[in-house]
Amino acid sequence: MDEVALIQAARGGDLDSFNRLVLAYQDLVYNQAYRMMGEAEVAEDATQEAFISAFRNLGSYRGGSFKAWLLRIVTNACYDELRRRKRHPTTPLEPIDEENEEVESPRWLADPGESPEEAATRAELNQALQHCLEDLPPEFRTIVVLVDVQGLDYGEAAEAVGKPLGTVKSRLARARLRLRDCLRGFWELLPAAFRLVEES
Amino acid sequence: MTTKISPREWEAISAYLDGQLAQKERSRLESRMQSRPELRAALEDMRRTRTILRSQTRLRAPRNFTLTPQMAGVKSRPRSYPALRLASALASVVLVLVLIGDFFSGAPAVIQAPSAAMPQQQAYSKTAAEGAAHDQALETSVAMEAPATTGRNMGAAPALEMTPTPEVSGLMNENALPTQAAAAAAEPLKSTSQVESSQVSGEVASPLPESTLAPQATSLPPATAEALVAQAPLPTATVEILTNQATSQPPALNKATENGSQPATPFIKRSALRTLEIFLALIALSTGLLAFFMRRSANH
């Protein structure tokens, strides 16, 4: 059954059809949530809430990119959480292992083709990038993750954030500029990591 | 000398990197980049940043985010919810139809009843008035003749006895009822008159009370009346009155009997309709409330 048929069936209340769509898009949605929130547990909650909201509001889907429609829902869910945190700031809890060290997300390391050194380097780069992303304003962060991390084109990104194309172009340029300045600080620290990226 | 790159130029470089610049703007930027090395450096910086971003490992979802029926709110409503909702709607529709039918069927009957009753009431009142007038005439004539007639003939007593009461005389002036009713009504009068006649012989001087007549008596058969008249020389007016009364039909009594049963039927129908309306309203309200609370508890 193709995506259009699945969506149509889901709109008729077929939960199984909708769950097939969930399985197809859950990585995309979770990545967006994680890049925006920076925390795995918060990203899981946002992802689940996004899919529940999507099923209940399937009637509002008017065609077009279903991917962009889903990403819009999870983006709004993340915005809500960020606004809530702004009103009630809390210290994020990082998981601590037995040696009292922060537990890194194992997903960072999920690349079977890399050597341990390469995996460690990539993990450090991911952390550096995530740190720079979290320094961006939410609206800049969303755009750069949608276009450069998730691979959406300008039109889909505009649909996902509900803004004009010109706004997407402007925010993307400013986000990239800020990330360049932020990553420049890590460039001297992790030259091998950047060389690894350029080689691949 | 490095000139500062404007935000507009950064935006053009970013769009140029993604192939999103129009041809005209693309040519203009390329020509500027040839004369300005900082623009070329900026382009390289932006390309590297985009590369790092695109190189990020795609994270896999830590678990499946498929929805359970409880999450989706799919099977939360009891099966009886649609049936209750339908029952409430049907009961409401039937109630409305019954109310409409009651309204249209009840109105003409209400309008007709008074108008139908009016002629009857007028007839009754007219009859009663005429009867009262006749009765007065009779009483006057009988009272005058009583001392003269009682001593002459025993047959006069029945005639006297047969002086109608005001109600009976009023009824007897109606012409609608059949002769059979008159004959049937006359029979108790005959027996009464026979009893009274034996009593009269001992009480000649006192006039017979009118109450000795049977209350249900309506009229005399013509033959009896004529016989009585022949036996006793009553005044002509009295004779005529008695004769007319004997031949007249007492229709009003039967009519009253018939009408007495008629009001019962519309009343029963009205009561049944009211009961049905109340019953339907209770069903519609109870099923509707049940369905509402079921849906409310399901959504919570």
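## Where the two chains meet

About 4000 Å² of area is buried between chain A and chain B, and carbon and sulfur atoms give 60% of that area. Please keep in mind as you read that this is a predicted model. The size of an interface is often given as the accessible area lost when the parts come together. Counted by residues, the contact takes 47 from chain A and 34 from chain B.

What kinds of polar links turn up here? Between chain A and chain B there are 16 residue pairs in polar contact, both residues being at pLDDT 80 or more. Several helices of chain A take part: helix H2 (15-37), helix H3 (40-56), H5, helix H6 (138-149), helix H8 (165-189) and helix H9 (191-199) each supply at least two residues of the side that touches chain B.

## Salt bridges across the interface

How many salt bridges cross the interface of chain A and chain B? The count is 4. One pair to look for in the structure is A:Arg184 and B:Asp45, whose side chains meet in a salt bridge with an N to O distance of 2.8 Å.

B:Asp45 has a partner in its own chain too: a salt bridge joins the side chains of B:Asp45 and B:Arg48, at 3.3 Å from N to O. Both of these residues lie in helix H3 of chain B, 3 residues apart, which is about one turn of the helix. B:Asp45 has a relative accessible area of 15% and is buried, because the cut-off for buried is under 20%. B:Arg48, with a relative accessible area of 27%, is partly exposed. Through shared partners, salt bridges join A:Arg180, A:Asp181, A:Arg184, B:Asp45 and B:Arg48 into one network.

## Salt bridges within chain B

Over all chains, the structure holds 19 salt bridges. One of them is formed by B:Glu9 and B:Arg36, with their closest N and O atoms 2.6 Å apart. This pair links distant parts of the chain, 27 residues apart: B:Glu9 sits in helix H1 (residues 7-17) of chain B, while B:Arg36 sits in the loop between helix H2 (23-35) and helix H3 (37-54) of chain B. Are the two residues buried or exposed? Both B:Glu9 and B:Arg36 are buried.

Another salt bridge brings together the side chains of B:Arg26 and B:Glu30, at 3.6 Å from N to O. Here the two partners share helix H2 of chain B and stand 4 residues apart, about one turn of the helix. B:Arg26 has a relative accessible area of 29% and is partly exposed. B:Glu30, at 30% relative accessibility, counts as partly exposed as well.

## Chain B as a whole

Which elements make up chain B, and how many of them are there? Chain B has 12 helices and 0 strands. Chain B has 300 residues, and 36% of them count as buried. Its accessible surface comes to about 17800 Å², with 61% belonging to carbon and sulfur atoms.

Among the contacts in chain B with a separation of 6 or more, 86% come from residues 24 or more positions apart. The C-alpha atoms of B:Gly101 and B:Leu273 are separated by 9.7 Å, though the two residues are 172 residues apart along the chain. At 34% relative accessibility, B:Gly101 counts as partly exposed.

Helix H4 (residues 66-87) of chain A has 22 residues and reaches 32 Å from its first C-alpha to its last, close to the 32 Å expected at 1.5 Å a residue. Its buried residues include A:Phe66, A:Trp69, A:Leu70, A:Cys78, A:Tyr79 and A:Arg85. What covers the buried residues of H4(A)? The cover includes helix H1 (3-11), H2, H3, H6 and helix H7 (154-161) of chain A.

Helix H5 (residues 116-135) of chain A, with 20 residues, reaches 29 Å from its first C-alpha to its last, close to the expected 28 Å at 1.5 Å a residue. Among the residues of H5(A) that are buried are A:Ala119, A:Arg122, A:Asn126, A:Gln130, A:Cys132 and A:Leu133. H5 is also one of the helices of chain A that supply at least two residues of the side touching chain B.

Terms used
Residues are numbered from 1 along each chain as its sequence is written. Chains are lettered from A and ligands numbered from 1 in the order in which they are written. This is a predicted model: local features need pLDDT of at least 70, side-chain atom pairs count only at pLDDT 80 or more; totals for chains, interfaces and linings use all residues. Side-chain values use heavy atoms; hydrogens and water are left out. Buried means under 20% relative accessible area, exposed over 50%, partly exposed in between (1.4 Å probe, protein chains only). Contact means heavy atoms within 4.5 Å. Accessible areas come from the Shrake-Rupley method with a 1.4 Å probe; for residues, only the protein chains shown count as cover. The expected span of a helix is 1.5 Å times one less than its number of residues. Buried area is the accessible area (1.4 Å probe) that two parts lose on being put together, summed over both. A polar contact is a pair of N or O atoms within 3.5 Å; within protein, one must be able to donate a hydrogen and the other to accept it, and residues adjacent in sequence count only if both atoms are side-chain atoms.
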